[in-house]
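Subject: Structure handover

Hello,

Here are the sequence and structure we spoke about. My notes on what turned up follow below.

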Amino acid sequence: MTTVGMKPRVLTVLGATGTIGVNTLDVVARHPGRFEVFALTGATQVERMLGQCRIHHPRFAVMSEPAAAAALRARVAEEGLTVEVLEGAAALIEVATAPEVDTLMAAIVGAAGLPATLAAAQAGKRILLANKETLVVSGQLFMDAIAASGAELLPIDSEHNAIFQALPRDFNGDFLQAGVKALWLTASGGPFRTLSAAAIAAATPAQAVAHPNWVMGKKISVDSASLMNKGLEVIEARWLFNARPEQIKVVVHPQSIVHSMVEYADGSVIAQMGTPDMRTPIAYALGFPERIEAGVSALDLMGRQLTFEAPDTARFPCLQLAFDALAAGGNAAAVLNAANEVAVARFLDGAVAFSAIAASIAHTLDTLAGGAADTLDDLLEADRQARSVAATYLEAR
Ligand code: NDP
Ligand code: MG
C-alpha cells in the first residue's frame, strides 16, 4: 500500500520500553511515512530507550524515573541525538496531551498509567488502550471523559480487540438494538491451568511468569497465572462495551487461537482468531479502519485442536474476586486493582507465596470496598488506602 501524500499519524507511546511498546514500534517501523513518533516514554530501561530514539527520532523521550532520565540525557548527548529528555509523571501527561499528538498508545503497566491516559481522553485523542488497569480503576470516569471530548477508544487487549472486531462497526453500547446476547472472553488458563490447588499455592515467580502462549511483562504474566488478568478483563469489557456483568462470560481455551467471541440473538457466534501475537491487535488499532501488515505469521489450523473448558474459580479465586468487585461497584474495582498490584510485586520479590495474592485482595476488599468513587481524587484515595491495607496484611504473613 502506498503512503505517498498521506498525512502521518502523530504518535506518543506511553510505556515504549515494555512488551507492548516494543511490539508497537515494530509495527510502526514496518510502515515508513505512515506514523511520526512524537514521544516515547519509559521508567527505568535507559539503553532500550536510547535504541528506540536512534531508530524513531522522537521529539521527546520521557523517563518517569529522574535517575534514568539523567542517564539517558548523558547517553543522548554522547551520541549527538536531537531528542529532548523529560522526566517525572507530569511529563507523561504533557506528551500524552500535546496538541501535535493525534494518537496515544497507552501501554504503561498498572494504575501508574491512569493520569496520563485519562488526560489524553479528556483531550480528545485517539487512544489505543493496552493499560487495562486504567479502565478497571476509573471505568465510569474514563468513559465519561471519552464521551465528553469525542475521543476515540480502540482496545489493544487481544480479547477486547477481538470483540471490537466481532461487533457491528456502528455498535453504540446498546446490546438489544445490536442483537448481542453475550461477550465471551477466552482465557488461556495460564501456566497453572492443570495444577492442583496445593501446587498453585506453592508456585514460584519463575513458574508464574512462564506463560505457555504469550510473551508479556512480568506483572501481567503473574495476573495470567492467577486468572486475575481475566478478572481485570471482565471489568475492562464492562466499561468498553457497556456490558452488564451477566453479559460477560469467560471460557478457558488453552491454545489462545480464538481471541474472543460475540454471541448474537440469532445463535450466531462471531469469533476473531489468529496466531497469538500482540502485533495483530496493535496493527489493527494503529491502522484503523484500514488493515495493515503486522509481521505476524499466518495462522495454520491444519491438524490443530481447539478446546474449551469452564474456568475453575475454586483453584483461581482471583477471577471470582473480580466479578465480586464488579458487582459491588463504587471503589471496589480500584481497591481490587491496587491490592493486586501490591501483592504481585511482593510475590515477584519472593516475599510472599502465590496464594497470598488472592488472600490479600479478599482482605483488602473486605476492609475498604463501599467507599466513594465519584471523582478522580476518590479513586486515587481508594488506590492509596488499598495499597496500604494490602501491604500491612502481607507484612504479617
Ligand atoms: P511491561 O512491564 O513489559 O512494560 C511496562 C512499561 O511501563 C515499560 O515501558 C515500563 O518502563 C513502564 N513503566 C513501569 N512502571 C511505570 C511507572 N510507574 N510510570 C511510568 N512508566 C512505567 O508491561 P507490558 O507491556 O506487558 O504491559 C503493559 C500494559 O499492557 C499492562 O497494563 C498490561 O496489562 C497490558 N497488556 C499487555 C499485554 C502483553 O501481551 N504484554 C496484553 C494485553 C494487555 P521500563 O521498562 O523502562 O521500566
Ligand atoms: Mg488479554
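Leaving aside residues up to four places away in sequence, arginine 397 touches Ser355, Ala356 and Ala359. This is a predicted model, and everything below should be read with that in mind. Arginine 397 sits in the segment after helix H17 (376–395).

Nineteen residues of domain 1 and 24 residues of domain 2 take part in the contact.

How much area is buried between domain 1 and domain 2? The value is about 1,800 Å², and carbon and sulfur atoms give 73% of it. On the domain 1 side, Lys132, Val136 and Val137 supply 33% of the area buried against domain 2, more than any other three residues.

As for polar links, five residue pairs are in polar contact between domain 1 and domain 2, counting pairs with both residues at pLDDT 80 or more. On the side of domain 1 that touches domain 2, the elements giving two or more residues are helix H5 (114–122), helix H6 (132–149) and strand S7 (152–155). H6 has the largest share of that side, with ten residues. By type, the residues of that side are twelve nonpolar, five polar and two charged.

Two salt bridges are found across the interface of domain 1 and domain 2, and the structure holds 26 salt bridges. Lysine 219 and aspartate 223 are four residues apart in helix H11 (residues 218–226), so about one helical turn separates them.

Which residues coordinate the magnesium ion (ligand 2)? They are Asp157 (OD), Glu159 (OE) and Glu233 (OE), at 2.1 Å. Along the chain, these donors follow the spacing D-x1-E-x73-E. Because glutamate 159 lies in helix H7 (residues 158–166) and glutamate 233 in helix H12 (residues 228–240), the pair ties together parts that are 74 residues apart in sequence.

Two points of backbone geometry remain. Most residues other than glycine have a negative phi, and most peptide bonds are trans. Histidine 57, a residue other than glycine, has a positive phi, near 45 degrees. Histidine 57 is in the loop between helix H2 (46–56) and strand S3 (60–63). The peptide bond from phenylalanine 288 to proline 289 is cis, with omega near 5 degrees. Proline 289 belongs to the loop between helix H13 (279–287) and helix H14 (317–328).

Regards

Notes: Residues numbered from 1 in each chain as written. Chains lettered and ligands numbered in written order. Predicted model: local features only at pLDDT ≥ 70, side-chain atom pairs only at ≥ 80, totals over all residues. Heavy atoms only, no water. Contact = heavy atoms within 4.5 Å. Buried area = accessible area lost by both parts, 1.4 Å probe. Salt bridge = Lys/Arg side-chain N within 4 Å of Asp/Glu carboxyl O. Polar contact = N/O pair within 3.5 Å; in protein donor to acceptor, adjacent residues only side chain to side chain. Nonpolar A, V, L, I, M, F, W, Y, C, P; charged D, E, K, R; others polar. Donors = N, O, S within 2.8 Å, 3.2 Å for Na, K, Ca; no water.
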